[in-house]
Amino acid sequence: MSEQQEVSDLLNDRAIFEPPLPKRAKRRRALKIWSPFVVLALALGFLLVRGLGNALVYFRTVDETLSMEATLGTSTFRLEGVVVPQSVTTNNQGGVDFQVSGVDGRRISVIDSANPPQLFQANLPVVLVGYLSHGTFYSNQIMVKHSSSYIAAHPSRVASLGGKKL
């Protein structure tokens, strides 16, 4: 066999240019081992981003809610507003029906299916948990924000709105 023929055979021999089979097998095994961890890390990252995104928005105001009504759908969120005087009535579900207003005076009707807390009354700021449907907010939880009367009754326990002790 001539020298030129040997060089040609060597160039045509794929074993020289391809990695040996054991390295491929090692790569496949490593891929099989690490791929579930990568998928798990991606899923965990997605859940963290999604969860933190929801946690960053504690509540939406009446004005925000009305401006976003078309995009909210029936997703559950928290709504903040002030209970409109003379709008509170009890319903046959054991809850209350009332309206909340925003800064600009716009209102949302609320139907609550749970018992309201003892401090619930007109002219108090509330945070409601529920969903919006056709302009009405269906609530299953009412949280009453503390008023300034608590600060006046317990001046040593809390700071004023400016952050100074009373």
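These legends walk through several close-up views of one predicted model.

View 1. Helices (H or I, at least four residues) and strands (E, at least two) are DSSP runs, numbered from the N terminus. Following the sequence, the elements come in the pattern α-α-α-β-α-α-β-β-β-β-β-β-α. The chain has 166 residues, and 21% of them count as buried; here buried means under 20% relative accessible area, exposed means over 50%, and partly exposed is in between (1.4 Å probe, protein chains only). Contact means heavy atoms within 4.5 Å. Among contacts between residues at least 6 apart in sequence, 44% join residues at least 24 apart.

**View 2. Strand 6 pairs with strand 2 and with strand 7.** Two strands pair if DSSP finds at least two bridges between them. Strand 2 and strand 6 run antiparallel over 6 bridges, and Arg 78 has Val 129 of strand 6 as its bridge partner. Strand 6 and strand 7 are also antiparallel, over 8 bridges, with Val 127 opposite Met 143 of strand 7. These two strands form a hairpin with 2 residues between them, and His 134 in the turn has a positive phi of about 55°. Strand 6 is mostly covered, as 7 of its 9 residues are buried.

**View 3. The largest nonpolar core has 18 residues.** A nonpolar core is a set of buried Ala, Val, Leu, Ile, Met, Phe, Trp, Tyr and Cys residues joined through side-chain atoms within 4.5 Å. The residues with the most contacts inside this core are Leu 79, Phe 98, Val 100, Phe 120, Val 126, Leu 128 and Phe 137. Two or more core residues come from each of strand 2 (77–83), strand 4 (96–101), strand 5, strand 6 and strand 7 (136–144). Leaving out residues up to four places away in sequence, Phe 98 touches a list of residues that includes Val 83, Ile 108, Val 110, Phe 120, Leu 128 and Ile 142.

**View 4. The model has 4 aromatic pairs, and two of them are shown here.** Rings of Phe, Tyr and Trp (its six-membered ring) pair if their centres lie within 6.5 Å; planes under 30 degrees apart count as stacked, over 60 as edge-to-face and the rest as tilted. Phe 77 and Phe 137 have ring centres 5.3 Å apart and planes at 70°, so this pair is edge-to-face. The pair links distant parts of the chain, with Phe 77 in strand 2 and Phe 137 in strand 7, 60 residues apart. Both of these Phe residues are buried. Tyr 131 and Tyr 138 make a stacked pair, because their planes are at 20° with the centres 5.4 Å apart. Tyr 131 is partly exposed at 34% relative accessible area, and Tyr 138 is partly exposed at 30%.

**View 5. Thr 65 is buried in helix 4.** Helix 4 spans residues 62–67, and Thr 65 has a relative accessible area of 0%. Beyond its neighbours within four places in sequence, Thr 65 is in contact with Arg 60, Leu 72, Phe 77, Leu 79, Ile 108 and Leu 132.

**View 6. Arg 106 and Asp 104 form a salt bridge.** A salt bridge is a side-chain nitrogen of Lys or Arg within 4 Å of a carboxyl oxygen of Asp or Glu, and the count by this rule is 1. The N to O distance is 3.7 Å. Arg 106 is partly exposed at 35% relative accessible area, as is Asp 104 at 46%.

Terms used:
Residues numbered from 1 in each chain as written. Predicted model: local features only at pLDDT ≥ 70, side-chain atom pairs only at ≥ 80, totals over all residues. Heavy atoms only, no water.
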